[in-house]
Amino acid sequence: MWLSGFKWMFLIIGTIIGAGYASGRELWQFFGNESGLAIILFAILFFVCCYVIMAISYQKNSEHYLPVLQELMGKRLTGLYDGMIILYLFSTTVIMIAGGGATLEVLHIPYWYGVLIISGLLVLLFVWGISGMTSMNAVIIPLLIVFLVGTLFVFQWTTGFEISFDVMAQHNWPNAFTFTALNILPLVAVIAAIGNKIQRTGEIWIASIGSATVLGVISFLYNESLLIVAHEVMLYEIPLFAILKHYPYFMVLVMSGLLWAAIYTTAASGMLGLCTRFKNYLGLPFWVLALIFICLMVPLTTIGFSRLISILYPLYGLLNLYILASIILYPILHRFDDRPLP
């Protein structure tokens with residue numbers, strides 16, 4: 001039970017710790033000053049979301065997100081959110097593939113070679129299906145967490161642990177809802193794909209509490225560290241580099257590699273959501289579906305996505321708040337039953 005629980009925990013964390021989170025860009029955009037309470041509230045909301053989605057997935061014995069979506073939203077809205085999730089997963093994965101190619105240019109690897117490398121690794125990963133995805137996360141995510149927390153902890157230690165929490169100065173707490181909502185769509189898509197793999201309800205508790213605690217601690221430590229270098233953050237596209245400038249160049253290379261790994265895990269999570277969604281309709285192996293999606297995505301990496309993101313992401317943010325409210329209210333309006341025996 002514990003082993004499976006930790007396996008799902010790393011899958012969830014790998015879905016959230018993408019390039020935006022690991023680089024510090026998302027945290028800096030949503031949190032910053034007076035955000036201690038907001039981060040604590042985010043951790044609580046994230047636990048509730050993980051538990052509810054996993055419990056519904058377990059009860060429905062789901063292999064993809066559609067049954068979970070129908071339970072949460074009702075049949076009338078399921079079509080809208082189904083289309084939203086497909087578009088979100090597809091566009092995000094395209095952006096990650098493009099980002100993976102661009103990141104390797106630091107090592108003087110041509111852009112298209114970088115795109116082919118990350119694309120090939122995505123197809124190779126899905127030769128083993130969902131087990132390949134969970135095994136990859138079980139290796140990469142602990143490394144990413146250890147290096148990220150280690151870097152932030154050492155930085156705090158060298159600056160004298162300038163961490164403060166004033167209960168009366170916590171005006172940024174509403175951002176906990178928007179930050180949680182931002183991550184709802186990939187969370188639903190990925191967790192719902194493992195409903196038929198969960199064996200016991202204990203796994204749900206371990207994964208939900210573990211992922212919420214880890215992300216809450218990292219978010220708080222990361223945010224407090226960025227506040228120390230707040231006057232320099234705006235000079236960097238990747239806020240993490242404002243912290244890493246105090247480290248040897250070797251650490252910059254190591255963390256750049258881990259940022260690429262974060263891009264890869266985000267792309268893999270998006271691909272998992274897409275493959276599980278269409279597997280029953282097309283009846284093809286995971287790796288063949290991944291190859292088809294890659295062939296559709298790679299040509300789109302040449303398009304500028306800034307305008308697309310500027311239109312889609314605010315729309316996702318608004319619609320995601322509705323699904324977030326549905327998840328939070330679900331335990332109040334419904335009762336979880338044990339999954340019926342097959």
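Modeller: This is a predicted model. Start with the surface: the protein chain exposes about 15,300 Å² of accessible area, and carbon and sulfur atoms hold 69% of that.

Biologist: What share of the residues of the protein chain count as buried?

Modeller: Buried means under 20% relative accessible area. In the protein chain, 54% of the 342 residues count as buried.

Biologist: How does the radius of gyration of the protein chain stand against that of a compact globule?

Modeller: A compact globule of 342 residues would have a radius near 20 Å, and the protein chain has 19 Å, so the two agree. Along the principal axes, the C-alpha atoms fill a box of roughly 55 × 50 × 40 Å.

Biologist: How much of the contacts in the protein chain comes from residues 24 or more positions apart?

Modeller: Counting contacts with a separation of 6 or more, residues 24 or more positions apart account for 82%.

Biologist: How many helices and strands are there in the protein chain?

Modeller: There are 16 helices and zero strands. Take α4, residues 36-60, as a worked case: its 25 residues reach 36 Å from the first C-alpha to the last, close to the 36 Å expected at 1.5 Å a residue.

Biologist: Is Leu104, by its relative accessibility, buried or exposed?

Modeller: The cut-off for buried is under 20%. Leu104 has 11% relative accessibility and therefore counts as buried. Leu104 sits in the loop between α6 (75-103) and α7 (111-125).

Biologist: Which residues does Leu104 touch, leaving out those up to four places away in sequence?

Modeller: Leu104 touches Ile109, Gly114, Ile117 and Trp260. As for Ala38, 66 residues from Leu104 along the chain, the C-alpha atoms of the two are separated by 35 Å.

Biologist: Last, how many positive and negative side chains does the protein chain have, and how far apart are the centres of the two sets?

Modeller: The count is 13 positive and 14 negative side chains, with 14 Å between the centres of the two sets.

Conventions
Residues numbered from 1 in each chain as written. Predicted model: local features only at pLDDT ≥ 70, side-chain atom pairs only at ≥ 80, totals over all residues. Heavy atoms only, no water. Helix = DSSP H or I, 4+ residues; strand = E, 2+ residues; numbered from the N terminus. Rg over C-alpha atoms; globule rule 2.2 N^0.38 Å. Buried < 20%, exposed > 50% of the residue type's maximum accessible area, 1.4 Å probe, protein only. Contact = heavy atoms within 4.5 Å. Areas by Shrake-Rupley, 256 points an atom, 1.4 Å probe, with all protein chains shown as cover. Lys, Arg positive; Asp, Glu negative; His and termini not counted. Charge placed at Lys NZ, Arg CZ, Asp CG, Glu CD. Expected span 1.5 Å × (residues − 1).
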